[in-house]
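I opened my notebook to look up a few things in this structure. Here is what I jotted down, entry by entry.

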Amino acid sequence: MPHIIVEYTNNIKKEANIPVLLEKIHEVIISKSPLFPIGGLRSRAIELQDYRVADGKEDDAFVHVTLKIGAGRSEEDKKRTCDELFEVIKDHFAELFAKRYLAISMELVEFSEAGTYKHNNIHKRFK
């Protein structure tokens, strides 16, 4: 962990430059090492084909980012990371936000390690 999931409406696909967004997100998380192990970092983007926003009368769009982490970090570390990450996300979409209706949101999901299963040999590259 952490895992990042970016969901975005397909009506912004051409302008969203999602691969660059994922790079920027990784830069933020990697800069926090060893708070978040680099070998556990994964991100993915899901382009939404079926969605409805607000009253459905405009070509509204949204981006929702979920940051999933295991429990154990301080509230201060989580807040600092989320604040920085959300600023990077808003900055990435600033131009698009200025010219169309766009909702940007992010949530932190923290979970117990109980019930998670992992098999990962990537970590040893970063030790």
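**Entry 1: the strands**

I began with E1 and strand E2 (residues 42-48), which pair in the parallel sense over 7 bridges. For my own use: helices (H or I, at least four residues) and strands (E, at least two) are DSSP runs, numbered from the N terminus, and two strands pair if DSSP finds at least two bridges between them. This is a predicted model, where local features need pLDDT of at least 70, side-chain atom pairs count only at pLDDT 80 or more, and totals for chains, interfaces and linings use all residues. Residues are numbered from 1 along each chain as its sequence is written, and side-chain values use heavy atoms, leaving out hydrogens and water.

I found Arg-44 of E2 as the bridge partner of Ile-5. With E3, E1 pairs in the antiparallel sense over 6 bridges, and there I noted Lys-68 as the bridge partner of His-3.

**Entry 2: Thr-66**

I placed Thr-66 in strand E3 (residues 61-70). Thr-66 is buried, at 9% relative accessibility. Leaving aside neighbours within four places in sequence, its contacts (heavy atoms within 4.5 Å) include His-3, Ile-5 and Val-109.

**Entry 3: Ile-12**

I then went to the loop between strand E1 (3-9) and helix H1 (13-16), where Ile-12 is found. Is Ile-12 buried or exposed? I read a relative accessible area of 0%, so Ile-12 is buried. Not counting residues up to four places away in sequence, Ile-12 touches several residues, among them Phe-62, Phe-93 and Leu-102.

Terms used:
Buried means under 20% relative accessible area, exposed over 50%, partly exposed in between (1.4 Å probe, protein chains only).
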